[in-house]
Amino acid sequence: MKRRTIIISICFFAISMLYYSCKKGPGQGGRASIKGKIYSVNYNAIMTVPQDSGYLGAQKVFIIFGDETAVGDNQDTNPDGSCEFTYLRKGKYKIYTYSKTLPNHLDSAVIQQVEITSNKQMLELPDFRIKTNKN
């Protein structure tokens, strides 16, 4: 009787471990997507006078999966300023890009946090509004 209880306990523990180890969090491997666009105001060299503005191509956009601290993926925006992260699973995500603050200073991150709540969800973010001085 004691041996049978031990075997049942071991089987229950093994099944529990398999169930929880197969549970997947945020990241790639799903069918959802997140879309966004980068809108830039281009300033003069000392960042005081706006020169022109519009959607910005070839701007790096980054994504962080869940509570991770490292970048999960990145891509450049298309010529129309758009980007899309595809094949994502349910969970929380941080999407960000960089904006100029002042000349000779570090750029600041412009971050949007979102959550995918269904398997085939297609989220569209509000435009990222950044400053540049690409003259």
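Let me begin with confidence, which in the protein chain is lowest in helix 1, residues 2-22, at a mean of 58, and highest in strand 3, residues 60-65, at 98. Over the protein chain the average pLDDT is 87, and 83% of the residues score at least 70.

This is a predicted model, in which local features need pLDDT of at least 70 and side-chain atom pairs count only at pLDDT 80 or more, while totals for chains, interfaces and linings use all residues. Residues are numbered from 1 along each chain as its sequence is written, and side-chain values use heavy atoms, with hydrogens and water left out.

Now to strand 1, which spans residues 28-43 and pairs in the antiparallel sense with strand 5, residues 82-88, over six bridges; I call two strands paired if DSSP finds at least two bridges between them. Within that pairing, glycine 36 stands opposite cysteine 83 of strand 5. Strand 1 also pairs in the antiparallel sense with strand 2, residues 50-55, over five bridges, and here tyrosine 43 faces proline 50 of strand 2. These two strands form a hairpin with six residues between them, and in the turn methionine 47 has a positive phi of about 60 degrees.

Strand 1 has parallel partners as well: three bridges join it to strand 8, residues 122-124, where serine 33 stands opposite methionine 122. With strand 9, residues 128-132, strand 1 pairs in the parallel sense over five bridges, and asparagine 42 is placed opposite threonine 132 of that strand.

Turning to the open sheet, we have four strands in the order 4-3-6-7, with antiparallel pairing. Its edge strands are strand 4, residues 73-76, and strand 7, residues 108-116, each of which pairs on one side only. From one strand to the next the twist averages 20 degrees, where axes are lines fitted to C-alpha atoms, for helices over the stretch in contact, and angles run from 0 to 180 degrees between N-to-C directions. Strand 6, residues 91-99, and strand 7 are joined in the antiparallel sense by nine bridges, and the bridge partner of lysine 94 is glutamine 113 in strand 7.

Definitions and conventions: pLDDT is the predictor's confidence in each residue, from 0 to 100.
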